[in-house]
Amino acid sequence: MNVHNREIILIGPLKPLIVKGLDAVGIVHKTAEAKDADAFYASHANVRAIACSATTELLGEPFMKRFPKLQIISSFGVGYDHIDAKAAAARGVIVTNTPEVLTEEVADTAIALLLCTVREFPQAERYLRAGKWLQKPYPLTKATLRNRTVGIVGMGAIGKAIARRLDAFGVPVVYHARRQRHEAGHRYYPKLLDMARDVDTLMVIVPGGAATANMINAEVLDALGPNGVLINMARGSVVDEPALGKALMEKRIMAAGLDVFAKEPEVPQELIAMENVILFPHLGSASVYTRDRMDQLVVDNIAAWAAGKPPLTPVPETPFTSWKN
Ligand code: 8YV
C-alpha cells in the first residue's frame with residue numbers, strides 16, 4: 001500500500017502515543033484541528049482508515065457513508081456502543097476495540113467502587129477532613145461486604161476478573177448473562193429479575209447499546225430491595241437513571257456506586273446531592289499505564305491494516321476474512 005492509501009482520519013484528542021504511532025504509519029488528518037467538521041470529512045472522503053482516540057459521538061451508517069473506501073475503524077475502549085458495528089459489517093468495514101489490556105484495571109476499580117459504596121470510605125474521609133473526628137468517631141457503617149451476595153450482570157472478561165477478586169474476598173458470587181458460561185463456576189440466572197430478588201448487590205458490567213438499554217429499571221431495583229446496593233461499571237445507558245434516583249430517594253434501595261452516567265460528563269444534581277451515592281468520573285481504566293496500552297492497541301490495529309495483515313482485535317460483529325478493495 002503506498003503512503004497515499006495510508007491516509008488516516010484521527011477522531012478525538014491528540015494523545016502523543018496515538019499521534020506518534022499513527023504518524024509512523026501514514027498521513028494523519030486530525031479532526032481536532034478541523035475548523036469545520038463537515039468540510040474536513042468531505043475533503044478526506046477517500047480515506048480507508050479511521051482511528052478514534054476516545055469514545056466519540058455515534059459513528060453510524062450516515063457517517064460511514066461519507067467514506068466509501070473505508071476499511072477499518074480502530075476504536076479506543078473495550079466498549080464500542082458509539083459505533084454501529086452492524087452497519088460497519090454491512091459495508092465490509094472492520095471495527096476494532098481495545099479489550100484485555102484494560103480488564104484487570106477496570107476490575108480493580110469495580111472492587112474499589114463496591115467497597116467505597118458499601119463501607120462509606122469517601123464519606124468517612126470527608127468527615128476526617130472536615131475535622132469532625134475530633135468531636136466523635138465516624139459512625140459504624142450499616143452495610144458490609146461480609147454478609148452480601150454479589151450478582152454480576154454480564155460475565156465477559158471484566159465480569160470474570162471481578163468474580164475472581166470477589167472469590168478471593170470470600171464473597172459469594174452469582175451472575176446473569178445472555179448465555180451460561182460453564183467455565184465461570186458460579187450459579188447462573190437466565191433471568192435478571194430472579195437474580196435481583198435473590199441477591200442484595202448488583203455489579204453491572206454488560207456492554208452498552210440498544211440490547212441493554214435501561215435493563216436496570218424500577219422493577220429490578222425493587223427486586224433488589226431496601227438493603228440493595230447497585231454498582232454500575234458498564235454504561236450509563238444500562239441503568240434507568242431517573243428510576244434509580246427515585247429508588248434511592250425513596251430508600252427502596254440502600255446505596256449506589258456509579259462510574260458511568262447517561263449524559264457524561266453531566267451528572268444529575270439529585271445524585272450529587274445524595275450522601276449514599278458514590279460517584280466516580282468514568283475512571284474504570286483511567287491510569288496512565290492502562291490508557292497507554294489502550295492507545296497502543298488503537299495504533300497497532302491501524303499498523304496491522306497498513307501492512308495488509310489481519311487486525312489484532314476485531315469486534316465479533318466484524319470478523320476478519322480479508323481487507324475489502
Ligand atoms: C474508557 C471504557 O474510559 O473501555 C471502555 O469501554 O469505558 C473506558 O475504558 C472510555 O472509553 C473513555 O473514553
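Here is a friendly conversation about how some features of this predicted model get their labels.

Me: What should I keep in mind about the model?
Reply: This is a predicted model, in which local features need pLDDT of at least 70 and side-chain atom pairs count only at pLDDT 80 or more, while totals for chains, interfaces and linings use all residues. Residues are numbered from 1 along each chain as its sequence is written, and side-chain values use heavy atoms, with hydrogens and water left out.

Me: Why are helix 5 and helix 7 called oblique to each other?
Reply: Two packed helices are described by the angle between their axes and the distance between the axes. Helix 5 (residues 103-119) and helix 7 (residues 157-169) pack at about 50 degrees, with their axes 8 Å apart. Angles under 35 degrees count as roughly parallel, over 145 as roughly antiparallel, 65 to 115 as roughly perpendicular, and the rest as oblique. Helix 5 and helix 7 are therefore oblique. Helices here are DSSP runs of H or I with at least four residues, strands are E runs with at least two, and both are numbered from the N terminus.

Me: Which residues make the two helices meet?
Reply: On the helix 5 side they include V106, A110, I111 and L114, and on the helix 7 side they include I158, I162, L166 and F169. By class, this contact has twelve nonpolar, one polar and four charged residues. Ala, Val, Leu, Ile, Met, Phe, Trp, Tyr, Cys and Pro count as nonpolar, Asp, Glu, Lys and Arg as charged, and the others, Gly among them, as polar.

Me: Why is T98 called buried?
Reply: T98 has 0% relative accessibility, so T98 counts as buried (buried means under 20% relative accessible area, exposed over 50%, partly exposed in between, with a 1.4 Å probe and protein chains only). T98 sits in the loop between strand 5 (94-96) and helix 5. Leaving aside neighbours within four places in sequence, T98 is in contact (heavy atoms within 4.5 Å) with S75, F76, G77, V78, M294, L297 and V298.

Me: What makes the pair T98 and G77 a polar contact?
Reply: A polar contact is a pair of N or O atoms within 3.5 Å; within protein, one must be able to donate a hydrogen and the other to accept it, and residues adjacent in sequence count only if both atoms are side-chain atoms. The backbone nitrogen of G77 lies 2.9 Å from a polar atom of the T98 side chain. The side chain of N232 likewise reaches the backbone nitrogen of A234 at 2.9 Å.

Me: How do you know whether N232 is buried or exposed?
Reply: N232 lies in strand 10, and its relative accessibility is 1%, so N232 counts as buried. Its contacts, apart from neighbours within four places in sequence, include L113, V204 and L258.

Me: What about T109, buried or exposed?
Reply: T109, found in helix 5, has a relative accessible area of 11%, so T109 is buried. Not counting residues up to four places away in sequence, T109 touches M233, F280, L283 and G284.

Methods. Axes fitted to C-alpha atoms, helices over the stretch in contact; angles between N-to-C directions.
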